[in-house]
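Reader: I have a structure open and want to learn how to read it. Can you take me through it feature by feature?

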Amino acid sequence: MAGLSHTFGPRKALDRVSFAVGPGDFTVLLGQNGAGKTTLFALVTRLYHASGGSIEVFGSDIRRNPQSALSRMGVVFQQPTLDLDLTVEQNLLYHASLHGMPRSRALQRAESELGRVDLLERRRDRVRTLSGGQRRRVEVARALLHEPDLLLLDEPTVGLDMASRQFLINHVRGLCATRQLAALWATHLIDEASDDSRVVVLHRGRILASGPVPEVRAETGAPSLQAAFAALTSQDAIAT
Amino acid sequence: MSTAQYLRCLGGIVRRELLRWVNQRGRFVSALVRPLVWLAVFAAGFRAVLGVSIIPPYDTYIPYEVYIAPGLAGMIQLFSGMQSSLSMVYDREMGSMRTLMISPFPRWFLLSSKLLAGVVVSIVQVYVFLAIAWFWEIEPPPVGYVLVLPALLLSGLMLGALGLVLSSFIRQLENFAGVMNFVIFPMFFASSALYPLWRVKESSLTLYWICQCNPFTHAVELIRFALYGEVNLVSAAVVAGFLLIFLEAAVWGYDPGRGFLARRAGAE
């Protein structure tokens, strides 16, 4: 995305945000609540258009060629979006139909993705009977059903226990490494960005730093990403 | 995207709507109980008060229950149209709406499919209602049951599209009660669903014209005539016209550059 800006009335939600997520990159979009992460996701998923700037998904502009851009994108929203009264498999098949996939292929892909998140045996159960962590895993499986090249996750670990959090992080990292998936993982939990990930620090709609975690740490001279984040946001508060 | 892919997408959206309807027993039962209460209680009570003279499409004197049955079929569609659109969007997080909107198919197609899916559900409800109503001696000719299908499709689409428009433009109506008071009740009562319009004309000419301009009146008349084997061309044209207007407005409302989604996000 290049020079992405968005305003809600007089309030600037995003101000000239530019960064890229490459194939195989696990990029953590780090920001406190209200930093603009959810607005950024809404713009990338074309819920509404940005006031300024542009977004390209593997060469397709989201405004000019939304079909192509959206077909290569998988999304896990911050709020749960599964139908609780439908089974896991019915939820997945619905998603597959939204991408025009044939049923046989959809069943095959559902089996494969549910197997990866250890939920194959629950595929005929209603989503209502699953735990919060299991529902999140179903959402990740669903987002990957049509084999996207870019996976967007908006605060996917909120409300999950440690084991479920770790499972999700490892799963997505594994996909980046093995399938060259580009992942943008929005969070306010600093410990979700490990040394081998890239990080984009978003604060009050502006990017304060971006790059591999060790580089961001080095730039600020902080011993940890947590300290770097605190330094960057406090400098910004003084500057404004 | 090929035609087969479009059809798969449409099929998936319709299937989901049917599954949700079957699985949510409360919604299933209340959708049926509402018109049956009107038929069994209201119509029985008013039977003696309201005499209905011979008016098209009926060729004889009819009991009041027979008169209001098409209106109640319309009511099922009116509730269904408002409910499916509004429940979707007024789920504050817009979960199901967001899942739909990130599909790579064009937005007009997704909205139309969503609309059609709701209409399919409402048509099933109407047929179940008509089957039960048969025991109240509401016995239209067999051809009526066939002819009413396209009529229900058209009226259901129009009312569903209205629901979509409302859901995209009116932010203040945060709950269904508001829609009940300001949309469903006025549309239902200021129509030919419960009383023939010549009766309304006798008491108030202004109200008569309001009823005539009400798209729901024409939806009910379209259903009424079809149920008795006739086509009411004027009503069909009016319903089709309103459908196009509402559909255009709904697509505008959901446009990522102009519509309510952006304004709504800004307000939160």
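**Reading the two chains**

Author: Start with chain B. Among its contacts between residues at least 6 apart in sequence, 78% join residues at least 24 apart. Keep in mind that this is a predicted model.

Reader: How many helices and strands are there in chain B?

Author: Chain B has 12 helices and zero strands. Along the sequence the pattern reads α-α-α-α-α-α-α-α-α-α-α-α.

Reader: What percentage of chain B is buried?

Author: Of the 268 residues in chain B, 54% are buried.

Reader: Now chain A. Which domains does the assignment give?

Author: Domain 1 takes in 1-72 + 148-206, and domain 2 covers 83-146. Domain 1 is therefore written as two segments, while domain 2 is written as one. The C-alpha centres of the two domains of chain A are 23 Å apart.

Reader: How do I read the size of the interface between them?

Author: The size of an interface is often given as the accessible area lost when the parts come together. Here domain 1 and domain 2 of chain A bury about 1200 Å² between them. Carbon and sulfur atoms hold 68% of that area.

Reader: How many residues are in contact across the two domains of chain A?

Author: 16 residues of domain 1 are in contact with 14 residues of domain 2.

Reader: What polar links cross that interface?

Author: Two residue pairs are in polar contact there, both at pLDDT 80 or more. On the domain 1 side, the elements that give two or more residues are α2 (66-71), β8 (150-154) and α6 (162-179) of chain A. The largest share, six residues, comes from α6(A). By type, this side of domain 1 divides into 10 nonpolar, three polar and three charged residues.

Reader: How many salt bridges are counted between the two domains of chain A?

Author: The count is one. A:E113 pairs with A:R179 in a salt bridge, with the closest N and O atoms 3.1 Å apart.

Reader: Are A:E113 and A:R179 buried or partly exposed?

Author: A:E113 is buried, at 0% relative accessible area. A:R179 is partly exposed, at 28%.

Reader: Why does A:D85 count as buried?

Author: Buried means under 20% relative accessible area. A:D85 has 15%, so A:D85 counts as buried. A:R128 is partly exposed, with 47%. Now go back to the pair across the domains. A:E113 lies in helix α4 of chain A and A:R179 in helix α6 of chain A, so the pair ties together parts 66 residues apart in sequence.

Reader: Where is a salt bridge in chain B?

Author: Look at B:R16 and B:E17, where the closest N and O atoms are 3.8 Å apart. B:R16 is buried at 4% relative accessibility. B:E17 is buried too, at 3%.

Reader: Which residues do shared partners join into one network?

Author: The network holds A:R105, A:R109, A:E113, A:R116, A:E147 and A:R179. Over all chains, a search of the whole structure finds 26 salt bridges.

Definitions and conventions. Residues numbered from 1 in each chain as written. Chains lettered and ligands numbered in written order. Predicted model: local features only at pLDDT ≥ 70, side-chain atom pairs only at ≥ 80, totals over all residues. Heavy atoms only, no water. Contact = heavy atoms within 4.5 Å. Buried area = accessible area lost by both parts, 1.4 Å probe. Salt bridge = Lys/Arg side-chain N within 4 Å of Asp/Glu carboxyl O. Polar contact = N/O pair within 3.5 Å; in protein donor to acceptor, adjacent residues only side chain to side chain. Helix = DSSP H or I, 4+ residues; strand = E, 2+ residues; numbered from the N terminus. Nonpolar A, V, L, I, M, F, W, Y, C, P; charged D, E, K, R; others polar. Buried < 20%, exposed > 50% of the residue type's maximum accessible area, 1.4 Å probe, protein only.
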